[in-house]
Amino acid sequence: SSGINAEYGGYIGNTNRTGWNKDATEQFGPDLVAGCQEMARGDYEKATAALARSVPGLIKVIHGSKSQKSVFSVLLARCAVVSGSGVEEAMEHLEWVRKDNKVGSLAPLQQRLWNKLSKHHHHDKK
């Protein structure tokens with residue numbers, strides 16, 4: 001995380017910043033950025049691990065619409081589908097999203113990812 005902080009000009013660790021945004025950035029930003037970088041490199045297993053450390057907490061504290069926040073959930077789920085790792089964590093997170101959104105089902109893209117995660121999950125249980 002210190003490498004990411006330096007890469008972004010010390011923004012994450014800047015002590016002059018205050019408030020919830022600073023707190024969220026410091027707590028979840030390094031793993032979120034690392035996960036996105038690993039995804040871009042094609043290392044979906046590392047991406048899943050980093051995103052699983054950041055996304056569930058991040059979407060509970062950031063502002064924005066459900067659709068805006070769902071982008072992070074979709075990234076986590078997609079990386080888990082591609083890597084086959086972190087499947088259970090991604091499924092738990094999507095279930096939390098569904099309940100938090102107070103809806104009976106996931107959005108169509110999230111549902112498609114859930115279905116793919118379920119196939120991995122059932123295959124792993126055998």
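**The whole chain**

Colour the chain from the N terminus on: the elements run α-α-α-α-α-α. That comes to six helices and zero strands. Helices are DSSP runs of H or I with at least four residues, strands are runs of E with at least two, and both are numbered from the N terminus. This is a predicted model, in which local features need pLDDT of at least 70, side-chain atom pairs count only at pLDDT 80 or more, and totals for chains, interfaces and linings use all residues. Residues are numbered from 1 along each chain as its sequence is written, and side-chain values use heavy atoms, with hydrogens and water left out.

The accessible surface of the chain comes to about 7400 Å². Carbon and sulfur atoms own 52% of that surface. Areas come from the Shrake-Rupley method with a 1.4 Å probe; for residues, only the protein chains shown count as cover. Of the 126 residues, 36% count as buried. Buried means under 20% relative accessible area, exposed means over 50%, and partly exposed lies in between.

Now turn to contacts, meaning heavy atoms within 4.5 Å. Of the contacts in the chain with a separation of 6 or more, 54% join residues 24 or more positions apart.

**Stop 1: helix 2 against helix 3**

Select residues 20–41 and 44–61, which are helix 2 and helix 3. Two packed helices are described by the angle between their axes and the distance between the axes. Here the angle is about 155 degrees and the axes are 7 Å apart. Axes are lines fitted to C-alpha atoms, for helices over the stretch in contact, and angles run from 0 to 180 degrees between N-to-C directions. Helix 2 and helix 3 are therefore roughly antiparallel, a label for angles over 145 degrees. Helix 2 passes helix 3 in a left-handed crossing: the near helix is turned anticlockwise from the far one by less than a right angle.

Show side chains at the interface. Helix 2 brings residues including Trp20, Phe28, Leu32 and Met39. Helix 3 brings residues including Tyr44, Leu51, Val55 and Val61.

Pick Glu38, in helix 2. Is Glu38 buried or exposed? Glu38 is buried, at 17% relative accessible area. Leaving aside neighbours within four places in sequence, Glu38 is in contact with Asp43, Lys46 and Ala47.

**Stop 2: helix 3 against helix 4**

Helix 3 and helix 4 pack at an angle of about 150 degrees, with axes 9 Å apart. They are therefore roughly antiparallel. Their crossing is left-handed. The contact includes Thr48, Leu51, Val55 and Ile59 of helix 3, and Phe72, Leu76, Cys79 and Ala80 of helix 4.

Centre on Ile59, in helix 3. Ile59 is buried, with a relative accessible area of 5%. What does Ile59 touch, not counting residues up to four places away in sequence? Lys69, Phe72, Ser73, His93, Trp96 and Val97. Draw a distance from Ile59 to Val97: 38 residues apart along the chain, their C-alpha atoms are separated by 9.1 Å.

Step on to His63, in the loop between helix 3 and helix 4. His63 counts as exposed, at 57% relative accessibility. His63 touches Trp20 and Lys69, not counting residues up to four places away in sequence. Asn21 is 42 residues from His63 in sequence, and 9.3 Å away, C-alpha to C-alpha.

**Stop 3: helix 4 against helix 5**

Helix 4 and helix 5 pack at an angle of about 150 degrees, with axes 9 Å apart. That makes helix 4 roughly antiparallel to helix 5. Helix 4 passes helix 5 in a left-handed crossing. Ser73, Leu76, Ala77 and Ala80 of helix 4 meet Val87, Ala90, His93, Leu94 and Val97 of helix 5.

Then find Lys102, in the loop between helix 5 and helix 6. Lys102 is exposed, with a relative accessible area of 72%. Check the backbone: phi is positive, about 55 degrees, although Lys102 is not a glycine. Most residues other than glycine have a negative phi.

**Stop 4: the core**

Finish inside. A nonpolar core is a set of buried Ala, Val, Leu, Ile, Met, Phe, Trp, Tyr and Cys residues joined through side-chain atoms within 4.5 Å. In the largest one, with 22 residues, Leu51, Val55 and Leu117 touch the most other members. The largest share, six residues, comes from helix 4.

Last, select Leu117. Not counting residues up to four places away in sequence, Leu117 touches Ala77, Ala80, Val81, Val87, Ala90, Met91 and Leu94.

Note on methods: Buried means under 20% relative accessible area, exposed over 50%, partly exposed in between (1.4 Å probe, protein chains only). Angles under 35 degrees count as roughly parallel, over 145 as roughly antiparallel, 65 to 115 as roughly perpendicular and the rest as oblique.
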